Amino acid sequence: MDKQAVLIVLISLSFLSGCEEPGASADTPSEPYTSFFTPLPEAAVFPADNAFSVEKVQLGEALFWDPILSGRMNVSCATCHHPDHGWADGRMFSIGVDGAGLGPRRSGLAETPFHSPSVLNVAFTGIEQTEPSDGFVSGGYFWDLRAGTLEAQAIDPIRSEVEMRSSDFLEDEIMPAILNRLMLIPEYQRLFGLAFDDEDPITEANIAKALATYQRTLITQRTRFDRFLAGDESVLTGAEITGLNKFINGGCTDCHSGPMLADNEIDPAKPIQIDKPAVRTPSLRNVELTPPYMHDGSRATLGDAIALYEDREDLDITLEDDDFGDIERFLRTLTDNDFPSQIPETVPSQLPVGGDIL
Ligand code: HEC
Ligand code: HEC
């Protein structure tokens, strides 16, 4: 269903419910849920110029966890996207090269300008309710959508002075330096050789391809909500279904719908936080695992985040104070509690796995 159609359904729903409070009487399934949401696909679709292979996933995993990609060899992608914190870092803003420790306990001075999002399910960022399941999708990454694909995104943190590069290297020095380091490590020569057919496979483009391939395998579809959507209505409690109905009837699905519960779009006319820039709609899958919330991490708890939607006629939200607890209960059904942690025991450089995060 396209946006227009969703809107029409929403309008007709509000007609049907007449003067009734949104979702007030509902604690049994009533809405045509699968017209708003569908379960996540079982596997990602890979782009034509970066097909899936087990070897690329293995190389991508090594690179993701290896601080060899940072200027001072102390920060890895996992420093800020760690399974202990829902594959984000649990901080308002992230600390990169001048820090030590993991998550809220990490200390250091220089911080990123944005809050770190989870990398779970990034294969499906931008997927729409109507997306044909056999087509590659890529809706854009970062809070301001400045990277079009995961391949385009992957080199950005390595070049960023505060995240991984450090002031020890100029921007145009860092990639040649990292490629030189990787070429000197026999295990990387082996892994790149297995993953890519190129004569000299250790390249910037192949680092990006391997990181993107690994991240496309981080998929969490074993949530109670997915089982509910697949037809097993007994997995949600009455209160959770009440929350789900309020989420739909209260106007949240205007932006948070589809398999990711996000349109991944920026609506400049509707900033969620007054006096702050409009950013893209984030996915609400596993949202329970990644406090604090919003692009600036300004909301400490899930309850605080939802409370931003009180008295928001500007967003066409029609919820009352006492609806928010029900909605929070529903959002907690979007967590995949069975997703394995998948922390490798060593990385090819033999540096500390994940960087200086102990
Ligand atoms: C110092 C912390 C830090 C490090 C290290 C880091 N990231 Fe991030 N990551 C962030 C922050 C902060 C954002 C959001 C930035 C923005 O939107 O401008 C982000 C965004 C992302 C996104 C976009 C997710 C989305 O939903 O749009 C992906 C994918 C990602 N990072 C992957 C990586 C990879 C791969 C690496 C390693 C090469 C890495 N990150 C290293 C902090 C970090
Ligand atoms: C007009 C589009 C729109 C509507 C309607 C909307 N949201 Fe959002 N939502 C967003 C955007 C954009 C953000 C990120 C805002 C920011 O970072 O400043 C967001 C962020 C969130 C977050 C924080 C997620 C995170 O990981 O940081 C939660 C939770 C949330 N919304 C829940 C809801 C609920 C519940 C409703 C209905 C009451 C709702 N949203 C309605 C667009 C929308």
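Which residues come nearest to ligand 1? Of the 28 residues around ligand 1, those that come nearest are Cys77, Cys80, His81, Phe142 and Arg146, where a residue is near a molecule if one of its heavy atoms lies within 4 Å of it. This is a predicted model, in which local features need pLDDT of at least 70 and side-chain atom pairs count only at pLDDT 80 or more, while totals for chains, interfaces and linings use all residues. Residues are numbered from 1 along each chain as its sequence is written, chains are lettered from A and ligands numbered from 1 in the order in which they are written, and side-chain values use heavy atoms, with hydrogens and water left out.

**Ligand 1 and its iron atom**

- The iron atom of ligand 1 has His81 as its only protein donor, through NE2 at 2.1 Å; donors are N, O and S atoms within 2.8 Å of the metal (3.2 Å for Na, K and Ca), and sites may look incomplete because water is not among the atoms.
- Histidine 81 sits in the loop between α3 (77-80) and α4 (150-154), helices being DSSP runs of H or I with at least four residues, numbered from the N terminus.
- Cysteine 77 has 13% relative accessibility and therefore counts as buried, on a scale where buried means under 20% relative accessible area, exposed over 50% and partly exposed in between (1.4 Å probe, protein chains only).
- Oxygen atoms of ligand 1 are approached by a backbone N or O atom of tryptophan 143 at 2.9 Å and by a side-chain N or O atom of arginine 280 at 3.0 Å, a polar contact being a pair of N or O atoms within 3.5 Å; within protein, one must be able to donate a hydrogen and the other to accept it, and residues adjacent in sequence count only if both atoms are side-chain atoms.
- A nitrogen atom of ligand 1 lies 3.4 Å from a polar side-chain atom of glutamate 163.
- Two or more residues of the shell around ligand 1 come from each of α3, α4, α5 (156-159), α6 (161-165) and α9 (204-215), and α4 gives the largest share, 3 residues.

**Ligand 2**

- Ligand 2 is surrounded by 22 residues, of which the closest are Cys252, Cys255, His256, His295 and Tyr309.
- Cysteine 252 also counts as buried, because its relative accessibility is 13%.
- Oxygen atoms of ligand 2 lie 3.0 Å from a side-chain N or O atom of glutamine 273 and 2.7 Å from a backbone N or O atom of methionine 294.
- The side chain of tyrosine 309 places an N or O atom 2.7 Å from a nitrogen atom of ligand 2.

**Serine 118**

- Serine 118 lies in the loop between α3 and α4 and is partly exposed, with a relative accessible area of 23%.
- Not counting residues up to four places away in sequence, serine 118 touches Gly86, Trp87, Ala88 and Thr290, contact meaning heavy atoms within 4.5 Å.
- The side chain of serine 118 has a polar atom 2.8 Å from the backbone oxygen of glycine 86, and this side chain also reaches the backbone nitrogen of leucine 120 at 3.0 Å.

**Helix α13**

- Helix α13 (residues 324-331) is largely enclosed by the rest of the structure, because 6 of its 8 residues are buried.
- The buried residues of α13, among them Phe324, Ile327 and Leu331, pack against α10 (224-229), α11 (238-249) and α12 (302-307).
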